[in-house]
Structures are given as C-alpha cells and as structure tokens.
Amino acid sequence: MKKLRFGIIGCGGIANNKHMPAYKRLSDEVELVAFCDIIEERAVKANADYADGKGKVFVDYRDLLKEPLDAVCVCTPNSSHSEITVAALDAGKHVMCEKPMAINYEEATAMIAAEKRSGKLLTIGYQNRYRPDSQYLKAEAEKGVFGDIYFARAKALRRRAVPTWGVFLDEEKQGGGPLIDIGTHALDLTLYVMNNYKPKYAVGTVYHKLNGQRDTANAWGDWDPDKFTVEDSAFGFVVMEDGATISLDASWALNYADPDEAKTLICGTKAGADMFSDKLRINGVNNGRQYITTPDFGAGGVAFFGGAAESPEVVEASTFVNAVRGKGKLVVLPEQAATVTRILDAIYESAKTGRPVYFDGEVKK
C-alpha cells in the first residue's frame, strides 16, 4: 500500500506534542515529507526528528502547497487557520486543522465553502472525542440511555495553568484566551454527546481578574501581565432550539479547588452522566432505586474506530488517514466545528455588549 504524503504547516508545540508523534505511530501508512514554519529552525528540526532529514523545509506555506502532497496538518496560531486551510483545500490537499476551527465564525464558513468546492476532506483536531470515556458516553447516548438530554455543563477549568509560551496570551493572534483554547474542547465534546448543533441564543461574560497579578504560582511560571491581553476566565450560557441549555465554564486561572478540563455533564429524562473527578459516572433510577455506575476503562473493551487501543491523538490521526483513503468516515465534521466556533463567537460578543446573541440559522451540510 502506497504511503500517503503529508505536510506539516506550523512546527511548534502542538505539532511536536500531538500531530507529528501521532503520524509517526502510523509510519506504515503515512510519510511526513514537508515541514513549514516561519521560524526555519523549527521546520529543520521537525524534518530531522520525523523524516530523518529527508523531507523538504519551507518558511512559506504557499511553497509547501506546491508539493505533491495528499494532505496537510495546519498547526499554526488561530488567526491563520482559515487562510491556510482554504489555500490548502484549493490546492487539492485534504486538511486536518488544529482546534479551534477558526478565529471567528465568518472564517469558519469560508473553510467550509473551500471544502465543498475542492471535493477534499476537512476535519478539526478535537481529539477528546476519541477518549474511551467519551466514546462510551457517546455510545450510551446514541442508544437512548439518557432519553431527552435537556441540560449540560461543559467544563474547562484550571486553577493556575496559564500557557506562557508561544502566542497564547496574544488576543490578535489567538482571538481569545481560555474560552477559545480549552473551552472549545469542552463545548465540542458536549455538543457531540448531545448530538445537538442548533443553538438559539447565547449569553456570556469574560473576566480579566487575575491576568494583572504577579507571583502567581502558575504551573508554567509567572506570566507577564503586560502581555496577557486575553481573558483569564469566561463563562457562557447557551439555549438550543429544542430548549436544551448548556453552561460553559472556561478558565486558565481560577481560585477553584476542583479543576477539570475537556469534561462534560449531561442530564436527560431517563438518566444522567458526568466526567468530573477523573471518572465517568452514569446515574439514574432502576427498580425504584437510585443508582450510580462507573465503567472500568482499565479492563479492555471495544477498540473504537478499529485497531488496537491507542491514545486519542493517534486514534484521531488514524481516523483522518482512513477517511483520506476512503476506508472510513470523519468523526469531526467541519459543520459541527463551525457551530462550536459560532457559539464561542456569540459568548464573546455577548460579553462585549451585555446582551444575548441570537442565531438565525446554521451552516448546512
């Protein structure tokens, strides 16, 4: 079987810690042959680490897109996701774009338009969908175990874990702070389990309460208050067209003793579930008695999406590779990811105006 030729655009932290190691695990099927970064040394190092120096190095993504590649992985700051993805699709490449899909909803819709006219695949890096607890919860929801899910809480709260490297604190390049960075994972996971992508309106607040502090006890060292231009916390409340409500909590720095990230709680008419405290709990009533069950994910089970049990990022990469080969379907659809971005947009807008933001439609498949 001929190996797929992949290119990496953006050779920083997320590429080195997630995407390139994942594709290296799939070396029987994928060959990383092109590396691009505006800091050339990063691309050179990635080429040495993941292609034994045999790939090509670029500082301009447009030059990389001229290469005969099957797919590219976009791992750049949020502000360039749409521009690069659109160009890659128009150049005839399949695209895996790191989350969030785009810096705003308008740019996300441009990506979907490019996908449709190109005939190529586009997916977004929401790897938390591929966790064993996420897949178990999704399977139970699809079986109707929870009934009508009418309330959910998406949780992405850190006590003091502000990323102090790269451009995370730069509002212009990132579009926001913890809401768009980690809140996006929690919201995506919640919508996925609910299978509900029709928001009606959203209300939100954002805070700059701790980002001016010093001597912070931050996990990655003190941040520079002068460079911390994004929010340190954001909270949203979303009402869906069917009346379901979602509470979204996102923070990098909160005086909160029970941090949890990329987790969800759902409540339905038949049962409920939560992922908090590092375990999945399902609760309901049987034979006139309340119950709580906790699945054991250390005892084997179904290998979702085929293949042996793997880390979520490897399963994500494998799912994309199989879809490119025509051997399977994407799990994260661009229309779904665009809805996540649309809601995040609305929460930021509501925080600015002090008013609810109403939706008047959605991206159609």
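What follows is a working chat about a predicted model of one protein chain.

Colleague: What's the secondary structure count for the protein chain?

Modeller: The protein chain has 10 helices and 15 strands. Remember that this is a predicted model.

Colleague: How does the radius of gyration compare with the globule rule?

Modeller: The radius of gyration is 20 Å, close to the 21 Å that the globule rule gives for 365 residues, so the chain is as compact as a globular protein of that length. Along the principal axes, the C-alpha atoms fill a box of roughly 65 × 50 × 40 Å.

Colleague: And what share of the residues is buried?

Modeller: Buried residues make up 54% of the 365.

Colleague: What about contacts between residues at least 6 apart in sequence? Which share joins residues at least 24 apart?

Modeller: That share is 73%.

Colleague: How many positive and negative side chains?

Modeller: There are 45 positive and 50 negative side chains. The centres of the two sets lie 4 Å apart.

Colleague: On to the inside. How many residues are in the largest nonpolar core?

Modeller: The largest nonpolar core has 81 residues. Those with the most contacts inside it are Leu-64, Val-72, Met-101, Ile-124, Phe-146 and Ile-266.

Colleague: Which element gives the largest share of this core?

Modeller: Helix α8 does, with 10 residues. There is also a second, separate core of 26 residues. Leu-4, Ala-15, Leu-26 and Leu-330 are among its members.

Colleague: Back to Val-72. What does Val-72 touch, beyond four places in sequence?

Modeller: Val-72 touches Gly-7, Ile-9, Leu-64, Leu-65, Ala-88, Lys-93, His-94, Val-95 and Met-96. Leu-64 is also on the list of residues with the most contacts inside the largest core.

Colleague: Now α6. Which residues there are buried?

Modeller: Helix α6 covers residues 132–142. Its buried residues are Asp-133, Ser-134, Gln-135, Leu-137, Lys-138, Glu-140 and Ala-141.

Colleague: What follows α6?

Modeller: Gly-144, with a positive phi near 85 degrees.

Colleague: Which other backbone spots have a positive phi, in residues other than glycine?

Modeller: Ser-277 is one of them, with phi near 60 degrees. Ser-277 sits in the loop between β12 and β13. Asn-195 also has a positive phi, about 55 degrees, and is not a glycine. Its place is the loop between α8 and β8 (199–207).

Colleague: Asn-195 and Ser-277: buried or exposed?

Modeller: Asn-195 is exposed, with a relative accessible area of 56%. Ser-277 is exposed too, at 57% relative accessibility. As background, most residues other than glycine have a negative phi, and most peptide bonds are trans.

Colleague: Where's the cis peptide bond?

Modeller: Between Lys-99 and Pro-100, with omega about -15 degrees. Pro-100 is in the loop between β5 (94–98) and α5 (105–118).

Colleague: Switching to Leu-344. Where does Leu-344 lie?

Modeller: Leu-344 lies in helix α10, residues 334–353. At 2% relative accessibility, Leu-344 counts as buried, because the cut-off is under 20%.

Colleague: How far apart are the C-alpha atoms of Val-203 and Val-238?

Modeller: They are separated by 6.5 Å, and the two residues are 35 apart along the chain.

Colleague: Last one. Where is Ala-51?

Modeller: Ala-51 is in helix α2, residues 40–51. Ala-51 counts as buried at 11% relative accessibility. Leaving aside neighbours within four places, Ala-51 is in contact with Leu-32, Phe-35 and Ala-46. The C-alpha atoms of Ala-51 and Lys-24 are separated by 9.1 Å.

Definitions and conventions
Residues are numbered from 1 along each chain as its sequence is written. This is a predicted model: local features need pLDDT of at least 70, side-chain atom pairs count only at pLDDT 80 or more; totals for chains, interfaces and linings use all residues. Side-chain values use heavy atoms; hydrogens and water are left out. Helices (H or I, at least four residues) and strands (E, at least two) are DSSP runs, numbered from the N terminus. The radius of gyration is taken over C-alpha atoms; the globule rule is 2.2 Å times the number of residues to the power 0.38. Buried means under 20% relative accessible area, exposed over 50%, partly exposed in between (1.4 Å probe, protein chains only). Contact means heavy atoms within 4.5 Å. Lys and Arg count as positive and Asp and Glu as negative; His and the chain ends are not counted. The place of a charge is taken as NZ of Lys, CZ of Arg, CG of Asp or CD of Glu. A nonpolar core is a set of buried Ala, Val, Leu, Ile, Met, Phe, Trp, Tyr and Cys residues joined through side-chain atoms within 4.5 Å.
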